[in-house]
Amino acid sequence: MVVMMKLLQDVVINILLMLPVKSLMRLKCLSKSCYTLVQSSTFVNLHLNRPTTFRDGLILFKRSIKQDDDLHKTILSFLSGDDENHLSPINPDLDVPCMTSNYSNDFDQFIGPCQGIVALMDNLTTVLFNPSTRNYRMLPPSPFNIPPPFSYAIECVGFGFDNISNDYKVIRILDVYLEDHGYPQDFEKKIEVYDVDIDFWRELDHADQNFPTIYWLPSSQMFYQGSCHWIGISIEDALVILSFDLSTETFHTAKTPDSCYFMNGPSYGLAVLNDTFTLICYPRTERAKNTNEFTYIWLRKDYSGCDSWIKKYTIKGLPIQSPLAIWRECLLLFQCSNGFLMSCNLRSNEVSEYNLHGSPTSLRVIIYKESLTLIPRGYGSSTQIETF
């Protein structure tokens, strides 16, 4: 009898794992037993790690829209693709009022998914969000002050999951400088880390003051295999990949392909292609319309090695403002200079434009699969879980 009950339970779980999140959320309301099962950490982990294909990848599309009162509001769209890679909405668009700005939101960072959670970040605000359940949590701001006569500028931010501590972490790298001396001369680094589960900000006291200057563009940062990554420029003016291991909380640098350089060179972005760390080398904005310019896709064959790069694709004449993501293993999604979302099939070089747009430089894309992952609640009254 016990064996039969166990087999029946396994059958039920396997059926539930095939259901979309919307259906699972409805089941939670039917009975206490359904709620307990679907809410359990065991089922959540099974659902997160269930076998999927690249066609299960959904698109979370962010852009900023200018309002009549000169404010820019942030909008999220939830998209899926058909067999011909046409995009269609799977949920209504979502306004994100906590990210409304007087600016175009072109400095926003969109990071993830990490264990089913994405982070939408700017210089002051971090929102953790599950695009499947639409649950979110605004993280408390950093409590650390920079006393006069010093000031600071946020060089970069990061978000990821630490498998050792089993917790999400946020990192901020700041340049602290004397106001009288101006920026960017005479500054030093300050590193802040936020542990999401215990709801606590802290400063690192072992930061390496010699690591490279971060090269900021919409796609110049990424979480991959336990580390936050950024594109940086070393003190020797070499282009490098700077990484921060979330478990050991140490920084590392890796070389880029020998043909990559910064001064008067192309622009660069980071992505994942076939689960492989990918560097995108594309023409600077002023050269993007030149049909003789090339975009190169480099794959880092051995992630533990420094120089194991291969050039996978070469595309000519791509009108790219900045790369956003690689979808379905072959479609490079990017924004063009007029603010429209476009794609290039890396195998056929076919370029398509979608009827999706926002303020130029404000577009961001995350490829995700449905998950039931719960956002850690923390402890402060200002960090409660809410639903859009």
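Which strands each supply at least two residues of the lining of the largest pocket? I looked this up first. They are E4 (109–114), E13 (221–224), E17 (267–273), E21 and E25 (364–368). Strands here are DSSP runs of at least two residues (E), numbered from the N terminus.

I noted the basis. The model is predicted, with pLDDT of at least 70 needed for local features and 80 or more for side-chain atom pairs, while totals for chains, interfaces and linings use all residues. Residues count from 1 along each chain as written, and side-chain values use heavy atoms, without hydrogens and water.

**Pocket.** I read a volume of about 1500 Å³ for the largest pocket. A pocket is an open set of points on a 1 Å grid over the protein atoms alone, where a 1.4 Å probe fits, with protein on both sides within 12 Å along at least five of seven lines; lining residues have an atom within 4 Å of a point. The volume is the space filled by probe spheres set on the points, which are joined across faces, edges and corners. I found 47 lining residues, with Gly112, Pro113, Val272, Asp275 and Ile367 nearest the centre.

**Strand E22.** I checked residues 331–335 next. Buried means under 20% relative accessible area (1.4 Å probe, protein chains only). Leu331, Leu333 and Gln335 cover one side, Leu332 and Phe334 the other.

**Partners.** E21 (322–327) pairs with E22 in the antiparallel sense over five bridges; pairing needs at least two DSSP bridges. Ser322 stands opposite Gln335. E23 (340–345) also pairs antiparallel with E22, over five bridges. There Gln335 stands opposite Leu341.

Note on methods
Buried means under 20% relative accessible area, exposed over 50%, partly exposed in between (1.4 Å probe, protein chains only). Helices (H or I, at least four residues) and strands (E, at least two) are DSSP runs, numbered from the N terminus.
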